[in-house]
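These are my notebook entries on a structure I looked up. The structure is shown first, and the entries follow.

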Amino acid sequence: TKAIPNYNVMGVCKSALEASVKYLARDLGLLPEYMVFGVACGGTIRDVAPINSKRRIHGFDHFEGLEQTQQPIPSYAGWHEGAFRLNGPEYPQTVERVLEDLSQFDNISIIIEDVHDLEEPSEYEIKKIGAVHIDVDIYEPTVSSLNFVDKCEWDKIYIRFDDWHGHESDYDKHERLACKEWLDKNNYKYDLLRNGLHGEMIVYR
């Protein structure tokens with residue numbers, strides 16, 4: 001996630017997300033559970049919940065912001081250590097306020113944990129999954145998010161990467177690299193649906 005002053009893209013992004021989720025349910029029949037890595041202030045999971053009211057949605061975040069990546073990042077990305085933490089300059093909300101806001105949705109469960117330290121999916125009562133939204137920005141937590149996905153039960157899943165940057169070489173070492181390594185390691189087949197600022201694909205096990 002990158003905050004861009006005076007650049008109103010959120011309406012467009014949320015419309016695209018909603019369209020993708022509706023496509024999932026209608027055309028692919030993917031009705032199992034949904035996972036969101038990188039809850040932050042709750043914007044994405046709040047949008048996903050009402051249009052997936054019959055689906056359990058699991059959100060993961062430690063709410064402490066980004067870790068220090070070992071990969072190169074563009075100076076303008078704003079991906080410094082601690083960026084996007086709650087009760088910080090980008091997101092002034094407290095954890096308590098975000099959790100209170102999300103409590104209005106009965107189908108949301110929030111796991112407050114570092115993605116590198118997640119236990120088995122059964123510990124969080126996660127059953128078969130059908131969709132994953134990854135918004136952890138940098139390489140290392142993307143790797144751990146996808147490793148956790150591997151532990152879950154699924155046949156095919158829709159994955160949306162929030163910071164894919166498909167045509168920007170400055171971001172080659174982050175979500176796209178982690179995804180490529182994951183696909184290659186597991187020999188997964190996939191259909192790439194979107195290759196722009198956001199990345200979207202269907203992955204087949």
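In which loop is aspartate 114 found? I located aspartate 114 in the loop between strand S3 (108-112) and strand S4 (129-134); helices (H or I, at least four residues) and strands (E, at least two) are DSSP runs, numbered from the N terminus.

I noted that this is a predicted model, in which local features need pLDDT of at least 70, side-chain atom pairs count only at pLDDT 80 or more, and totals for chains, interfaces and linings use all residues. Residues are numbered from 1 along each chain as its sequence is written, and side-chain values use heavy atoms, with hydrogens and water left out.

I then looked up the surroundings of aspartate 114. A polar atom of its side chain lies 2.9 Å from the backbone nitrogen of histidine 116. Between aspartate 114 and phenylalanine 63 I found 8.7 Å, C-alpha to C-alpha, at 51 residues apart in sequence.

Next I turned to the aromatic rings. Rings of Phe, Tyr and Trp (its six-membered ring) pair if their centres lie within 6.5 Å; planes under 30 degrees apart count as stacked, over 60 as edge-to-face and the rest as tilted. By this rule I count twelve aromatic pairs. Tryptophan 79 and tyrosine 171 form an edge-to-face pair, at 5.2 Å centre to centre and 70° between the planes. These two residues are 92 residues apart. Tryptophan 79 is buried (under 20% relative accessible area; exposed is over 50%, partly exposed in between; 1.4 Å probe, protein chains only), at 4%. Tyrosine 171 is buried as well, at 2%. I also recorded one aromatic cluster, formed by Phe37, Phe60, Tyr124 and Phe148.

Methods: A polar contact is a pair of N or O atoms within 3.5 Å; within protein, one must be able to donate a hydrogen and the other to accept it, and residues adjacent in sequence count only if both atoms are side-chain atoms.
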